[in-house]
Amino acid sequence: MIKPNVLLLGIGNLLWADEGFGVRVVEQLLKSYVFPENVTVMDGGTQGIYLVEHVQQADILIVFDAIDFGFPAGSLHQIHDDDVPNFLGAKKMSLHQTGFQEVLAMAQLLGEYPKQLLLIGVQPVELEDFGGSLRPVVKAQIKPAMTLALNYLQTFGIEPLEIADMVTLADPMLDIARYENERPSETVACRLGDERVIFAPDIKITPPQTLDGAVAVPVDFRGKY
Amino acid sequence: MTAIITPNGYNLDTGGRRIVVDPVTRIEGHMRCEVNIDENNIIRNAVSSGTMWRGLEVILKGRDPRDAWAFVQRICGVCTGTHALTSVRAVEDALKISIPENANSIRNIMQLTLQVQDHLVHFYHLHALDWVNPVNALKADSQATSELQQKISPHNPKSSAGYFRDVQTRIRKFVESGQLGPFKNGYWTNPAYLLPPEADLMAVTHYLEALDFQKDIMKIRTIFGGKDPHPNWLVGGVPCAINVDGVGAVGAINMERLNLISSLIDQSITFIDQVYIPDLLAIAGFYKGWLYGGGLSGTSLLSYGDIPDKANDYSASNLLMPRGAIINGDLSKVHEVDLRDPEQIQEFVPHSWYAYPDDLKGLHPWDGITEPHFKLGNKTKGTKTNIQELDENAKYSWIKAPRWRGHAMEVGPLARYVIGYAQGNKEITEQINFVLKTLDVPVTALFSTLGRTAARGLEAQWAAGKMRYFMDKLVTNIKAGDLATANVTKWQTDTWDSHVKGVGFTEAPRGALGHWLVIKDAKIENYQCVVPTTWNGSPRDEAGNIGAFEAALMNTKVERPEEPVEILRTLHSFDPCLACSTHVISPDGTELTQVKVR
């Protein structure tokens, strides 16, 4: 029997708090398990269309991501197959990030698409904290998310080997402990933007408002291509 | 209502209705455009604003110049690598470091690969949907599409009716499922779309083929540069060893890798010849009457040149991509360009959110200052954090206004091609004449939005040919026993003079790119990047000259002001990448996705 190609893909942006959930799950999987050769564990970050070919090559795809869908904060969800695109792309954190929804769409249009698709998503607590880490309730879902993925793989007869001593296979620069410990304090780092600009005397920050009488026309192609 | 005539010859009229398009770009965002249209929907005033501040120059101060490339190439993830190449060239210039021939060939192959990949992705994935209507493709007859394909590109094997029918079925299934995916957000009922359904289906099919192919082209950069985006570079050469036998050196470039690159180059040439160029000509043929968007392209053009044939010679005669400047529309004279001359390239800030000691004077980049100064004019509508209408009489952009001897200039593929044509460059002239003859249009048709798009395609074709040239050169050199890829004799800082300055340049896919730096006691004292979109997206200067984007929008007719596809067409034709030019000012990063018709 030919073994199926399996891809475990964490997507998101580590720099925007809970938006880094998917990547953190993948980091823990890489630290804790050795998978058989037909299984790839990948930090997809915010790579957009660069991920299309990897999605095309997968027979079974498990995606970890933060999904903003109005669920209770910190809750974990499993979404299967055709329902997946509808749950993705709720919020784009990076300006040049192609929504993963579009990545799936492109794979579909190109004619190669995973036979089995599972999205394991967490409802974020906080996204708007540049340089911040996962909030405690979201962080607590890393292990359960890993368990869901392993249980799903088991239905295909795939069982990874647990590593007794955690080794660092992921990029040490991105290690969650280091990322959290080395974050400068609020007094050192301006979290809002460039302090020379936003603390200039003639600036007063108010949240942007909707324009009065604006005709809403979708001209924002960011992340779409 | 105010009417102004600018020194560079544009009649600006701020009467009529004002249209705001924000943001404009499809990938890297942060550009805003405002225009005034008269009662006939013709653009009579144009204002282009970079809405984000870059600030990398400030980050680089005090750092090791050998590391600068790794920072600056993060300016952009799209034209990736080109800033790094510019940076290592600037440091090598300052420290008088020469590089081996192999390093020059490899750098050129990487830079040309970027041109090919970037132009291809721009045409099919960032720009095509300004001309091609994927929804209309559903109406196409697959047999007629097949005939069209065989007519415009007889050697392309993927031309059967069945092939197009399959793609059409996939698109139909997709659209019927309620998702438009990458084709969302288009103005698909706008009369500005002129292609017959068969041409639309052919182009959308190639949109998908190109998506599949661009990932293969990139392998060339990952082999030489280790990864992509953001490959690795090295002051003094390239960070990849050559070991043709492929034993004993893990990670070195061996014969198998070289053969893979060679085959990818052949595939690139085939794809461009059989798919890209025929599509370009076919689409342009249906839009021959749409000759808007020329702007400065008929009058003021600048190119620094690139792709040195021999290593370490950056003089114009050794650069395969042309260098020069055209001003006042006089194509009979191409001026020499010297990036070191303080009289030639200067940046101005009277309409940019920066402060100079004297705002009315320009500064050469070696003396450049990056001091943010956000202040809005008193005619601005809205609030400081929610601008409804900019006041272009005051500061209105995060982009500085670079000028060449006081002239606002257009840079990019069209600038390079017109300059090459004016210089009588044989290859470029042949390509341009072929296009003019095929489309049966005069040379002035080049000075348009479509001319810009066509020049990009021709340049991709030229670049793929030059990849072959440098690959053959590299392999010949290796066979002759020269395996050197780096010169590290001046790696240690104690071999450096204490206070030096240098300039590095490239022709990035979007145009002329220069980095100027000053090194003091082995640290960066000053670093200034003047990027292509700074030239093209420049705001007005102290004399009131409008920039290339602004000029290109002037006098264009917008069929439906609430669906400004014409504005997007022209701005997209420059392939604007505003992350290059400018940092988030909105504290919460909220997207402003509205068109305001006033």
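**Close-up 1. Covering of the buried residues of helix H6 of chain A in a predicted model.** Among the elements that cover the buried residues of H6(A) are strand S1 (6-11), helix H1 (21-32) and strand S4 (60-66) of chain A. Strand S5 (76-80), strand S6 (116-122) and helix H5 (136-139) of chain A belong to this cover too. Helices (H or I, at least four residues) and strands (E, at least two) are DSSP runs, numbered from the N terminus. Contact requires C-beta atoms, placed from the backbone, within 7 Å. The buried residues are Ile142(A), Ala145(A), Ala149(A) and Leu153(A). They lie on the same side of H6(A), because their arc around the axis is only 75 degrees. The arc is that of the directions from the helix axis to the C-beta atoms. The face turned away from the buried side carries the exposed residues Lys143(A), Thr147(A), Asn151(A) and Gln154(A). Buried means 20 or more other C-beta atoms within 10 Å of the residue's own, exposed means 12 or fewer, and partly exposed lies in between; C-beta atoms are placed from the backbone. At 1.5 Å a residue, the 13 residues of H6(A) (142-154) should span 18 Å, and the end C-alpha atoms are 18 Å apart, which agrees. The expected span is 1.5 Å times one less than the number of residues.

The model is predicted: local features need pLDDT of at least 70, side-chain atom pairs count only at pLDDT 80 or more, and totals for chains, interfaces and linings use all residues. Residues are numbered from 1 along each chain as its sequence is written, while chains are lettered from A and ligands numbered from 1 in the order in which they are written.

Close-up 2. The 16 residues of H6(B) (161-176) should span 22 Å at 1.5 Å a residue; the end C-alpha atoms are 22 Å apart, in agreement. Just after the helix, Gly178(B) has a positive phi of about 95 degrees.

**Close-up 3. The crossing of H5(B) and H6(B).** The axes come within 8 Å and cross at roughly 120 degrees. Axes are lines fitted to C-alpha atoms, for helices over the stretch in contact; angles run from 0 to 180 degrees between N-to-C directions. The two helices are therefore oblique to each other. Angles under 35 degrees count as roughly parallel, over 145 as roughly antiparallel, 65 to 115 as roughly perpendicular and the rest as oblique. Ser142(B), Gln143(B), Thr145(B) and Ser146(B) of H5(B) meet Ala161(B), Phe164(B), Arg165(B) and Gln168(B) of H6(B).

**Close-up 4. Packing of H10(B) on H11(B).** Helices H10 (413-422) and H11 (426-439) of chain B pack at about 110 degrees, with axes 8 Å apart. That makes H10(B) roughly perpendicular to H11(B). Tyr417(B), Gly420(B) and Tyr421(B) of H10(B) meet Ile428(B), Thr429(B) and Ile432(B) of H11(B).

Close-up 5. The Asp228(B)-Pro229(B) peptide bond is cis, with omega near 0 degrees. With 19 C-beta neighbours inside 10 Å, His230(B) counts as partly exposed.

Methods: Two residues are in contact if their C-beta atoms, placed from the backbone, lie within 7 Å.
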